[in-house]
Amino acid sequence: MKGRKYMDFSKHLIPVTEENCFKERGYYVWCGSLAKQSDTYYLFYSRWPRKSGMSSWVMQSEICIASSKSPTGPFKHEKVLFTKQDTDSWDRDCFHNPCVIEHEGEYYLYYMGNYGKGDFWSHRNHQRIGVAWTTNGDILGAWQRAEKPVLDVSEAGFDNLMTSNPTVCKTPDNKFIMMYKGVSDDGKMPAGGAVVCGTAIADSPKGPFKKTGTPLFINPETNWSVEDPCIFYYEDKFYCLVKDFQGYFTKTGESSTALFASENGLTDYKADEEHPLAFPREIKWADGKVQKVSNLERPQVYFENGKPRVLCCAVAADEEWNDTFNLQIPLDF
């Protein structure tokens, strides 16, 4: 596949306005994934209290739903879907990284959950991937969660410490591919080993998911390789947007988002030689201004009528995380 040309993703991003920025007073807002029901669009997002500090996401994040008549906003908060519980469940303390898909009239939400002792690393290393689903097709109605993680850690390998950052894509033959972030305990603890991605496949959106066991997107220069994948299928190929911590794959030398493509969606991902950079950490505004931001990550692509229509990204405008929001970027495909 050397020299094979894929899309130049950056050319499809349309400049944004303030209406495309979803914020909530008193909260850090992060992670966004879109779904449509009837004539309403729903944004599934993560939030946690500002008074607790930025790094408390791993202990206090909850998943909420906001609504709009447009997939690019403005959105308004509707309800808290999942939050901290007084139980001994595997996901009792944190709900984060929402990714929602629709299948046969029902909605399926994949997320990261955890429990811990109140410190960052115990919660981080107990991260696992869960799934929840609607029981009558109503997004704002009742949801049911699986009692156990839908994707747990492996007994050995690149993901035997933690799993998180789920993204799920329905294939043309109605199977379901999950891509996720995995970390092993093969490294100095508590951080562990390389931060990479893996894939798994299932016949049902509820699983069980069978892992390929192949680590993806390995940066030979550092353990902190990639995270926040987003997998989607378009025009006979699987694509993946992924946060490239060091700009190794994008060839920028700084944190940015890379684009990979694959024929099978599981293991053969390659970056385009001409257009490996999907987008840098900057926002292009409709008035012509370009704003460099500290974080522009956790991409999620929303499809409508068979084409990518919106790119959702989590944004921290400054290094102190004083301004965080979910950005819905219109796409022109």
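**Close-up 1. Lining of the largest pocket by residue class.** The lining of the largest pocket in this predicted model has 18 nonpolar, five polar and five charged residues. Here Ala, Val, Leu, Ile, Met, Phe, Trp, Tyr, Cys and Pro count as nonpolar, Asp, Glu, Lys and Arg as charged, and the others, Gly among them, as polar. Of the 28 lining residues, Val100, Ile101, Glu102, Val301 and Phe303 lie nearest the centre. A pocket is an open set of points on a 1 Å grid over the protein atoms alone where a 1.4 Å probe fits, with protein on both sides within 12 Å along at least five of seven lines; lining residues have an atom within 4 Å of a point.

**Close-up 2. Strand β3, enclosed on both faces.** Take a look at β3 (residues 40-49): 10 of its 10 residues are buried, so the strand is largely enclosed by the rest of the structure. Buried means under 20% relative accessible area with a 1.4 Å probe, protein chains only; strands are DSSP runs of E, at least two residues, numbered from the N terminus. One side carries Thr40, Tyr42, Phe44, Ser46 and Trp48, the other Tyr41, Leu43, Tyr45, Arg47 and Pro49.

**Close-up 3. Neighbours of β3.** β2 and β3 are antiparallel, paired over 10 bridges, and Tyr28 has Trp48 as its bridge partner. Strands pair if DSSP finds at least two bridges between them. Seven bridges join β3 to the antiparallel β4 (residues 62-68), where Ile65 partners Phe44.

**Notes.** Residues are numbered from 1 along each chain as its sequence is written. In this predicted model, local features need pLDDT of at least 70, side-chain atom pairs count only at pLDDT 80 or more, and totals for chains, interfaces and linings use all residues, while side-chain values use heavy atoms, leaving out hydrogens and water.

Key
Buried means under 20% relative accessible area, exposed over 50%, partly exposed in between (1.4 Å probe, protein chains only). Helices (H or I, at least four residues) and strands (E, at least two) are DSSP runs, numbered from the N terminus.
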